[in-house]
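Hi there,

Here is the structure I said I'd pass on to you.

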Amino acid sequence: MINVRDYLKMKKDREEEKVRVNYREKIKSHKFTIFYRMALVIILTVAISAVFYLQWKNKIYTGAEVLSSVEIHISQGSNLKPFSGYLLTYSKDGAGCMDIKGNAVWNQTFEMQNPMVDICQNVAAIGDYNGRTIYVMNTSGVMGSITTNKPVRDFCVASNGVVAVVLDDTDTTWIYLYDSQGNELAYFVTTMKDSGYPVSVSISPSGELVCVSYLFVDSGQMKSSVAFYNFGDVGKNNTNNYVSGYDYSNSVVPYTRFLDNGSAFAVSDDRVMFFSGGQKPVSAAENLVSENVQSVYYGSEYVGLVFNSTQGGSKYRLDVYHKSGKMEQSVEFDIEYSDILFHDDQIIIYNESECCVYNTNGTEKYSGNFDKAVLVLIPQSSPYRYMVVTPDSVDTIELK
């Protein structure tokens, strides 16, 4: 039999337990409410961001606003090239670099008959065809110069200032690697009998891989070979640092380029080839072309081949390939292009008076005319903002 004291104690314990249970339930309910509210806020934020992103991505621009304009003077006979957000100018008498505000960053004088230029990111090399001096510079200033003992036929530069140079000799062709100060790093010799004549040379941004396209005759048949040389640890035990190569019968391969340290491509008269691998590049994809390639353009992710259009309404067709070798888009256009740029998700086609901008899905984002004659258009870091160089000004414009 339970006495009164025990009964009262049990009753009190039950009431306290009930209070504790209710308190725990309230805490759980409160935590769930906070979690629910936070989840709802996150979902709404993501949804709103997605809506704004899609609106921005699908936005069609109808005009361009001039944000700033600076007067400049471009010397007659000067050539201009985009240079990692800057402007590179060069002629037979010298070269210079200009920023977006029209300020001269550096100048270098020289005398050349047929100056050639190669640019990799923020490093440029300038040399004279058949000459013996190559200048290496970045967007800050001149890094150094290279002096050769044989005539220069071709060269290409890496982002660290390493330059691969094709030098001509009587019966042989030499390919040398120099650093930006002119120090010899490596070399190998080619002959028409053993490897063929080098028609194109390119170097990876790191300066470790070199790609050479050779043309040769085998049993009376014309062939091309795309060869890769590794000047790092992987290739040092191989003859002439040769690590991989591919032959193509009845084909000429006049164009090879690296897109990054692990991706390269080559264009022949009947196909475009893609290679992958940072040590021993392998063939990743081939796409046959049945028409004559008019021009080749590329960015960090994409390669564009221009053809005469077979469609009745357009003059040209731009076939866009991803660096993996997959064809992404075909863009039909009519303007007489002076340059085609790949920048982020933009494909920019322009001449001195007209400009068309597409995204990588092939959607036309903008089509319009310039108010002044445009020599060079240089995309800036802000989306759809450009540095536009005219004969007497540097304008910063933004699409609206």
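The largest pocket holds about 1700 Å³ of space. Of its 47 lining residues, Pro82, Ile119, Cys120, Gln121 and Tyr298 are the closest to its centre. On a 1 Å grid over the protein atoms alone, a pocket is an open set of points where a 1.4 Å probe fits, with protein on both sides within 12 Å along at least five of seven lines, and lining residues have an atom within 4 Å of a point. Grid points are joined across faces, edges and corners, and the volume is the space filled by probe spheres set on them.

Before you go on: this is a predicted model, where local features need pLDDT of at least 70 and side-chain atom pairs count only at pLDDT 80 or more, while totals for chains, interfaces and linings use all residues. Residues are numbered from 1 along each chain as its sequence is written, and side-chain values use heavy atoms, with hydrogens and water left out.

Which strands supply at least two residues each to the lining of the largest pocket? They are β2 (79–83), β6 (115–120), β10 (152–157), β14, β18 (255–260), β22 (295–298), β26 (339–343) and β30. (Strands are DSSP runs of E with at least two residues, numbered from the N terminus.) The lining divides into 30 nonpolar, ten polar and seven charged residues. Here Ala, Val, Leu, Ile, Met, Phe, Trp, Tyr, Cys and Pro count as nonpolar, Asp, Glu, Lys and Arg as charged, and the others, Gly among them, as polar.

The second largest pocket has a volume of about 260 Å³. It is lined by 16 residues, and Ser75, Ser78, Thr89, Gly96 and Asn107 are the closest to its centre. β4 gives the most to this lining, with five residues. The lining of the second largest pocket splits into seven nonpolar, eight polar and one charged.

**The core**

The largest nonpolar core has 25 residues, and Tyr350, Leu377 and Tyr386 have the most contacts inside it. β27, β28, β30 (376–379), β31 (385–390) and β32 (393–399) each give two or more residues to this core, and β31 gives the most, with four. Such a core is a set of buried Ala, Val, Leu, Ile, Met, Phe, Trp, Tyr and Cys residues joined through side-chain atoms within 4.5 Å. Leaving aside neighbours within four places in sequence, Leu377 is in contact (heavy atoms within 4.5 Å) with residues including Pro82, Tyr350 and Tyr386.

Phe83 lies in strand β2. Is Phe83 buried or exposed? Phe83 counts as buried because its relative accessibility is 0%, and buried means under 20% relative accessible area (1.4 Å probe, protein chains only).

Asn351 lies in the loop between β27 (346–350) and β28 (354–359), and its relative accessible area of 9% makes it buried. The Asn351 side chain reaches the backbone nitrogen of Ser353 at 2.9 Å and the backbone nitrogen of Glu354 at 2.7 Å.

Cheers

Methods: Buried < 20%, exposed > 50% of the residue type's maximum accessible area, 1.4 Å probe, protein only. Polar contact = N/O pair within 3.5 Å; in protein donor to acceptor, adjacent residues only side chain to side chain.
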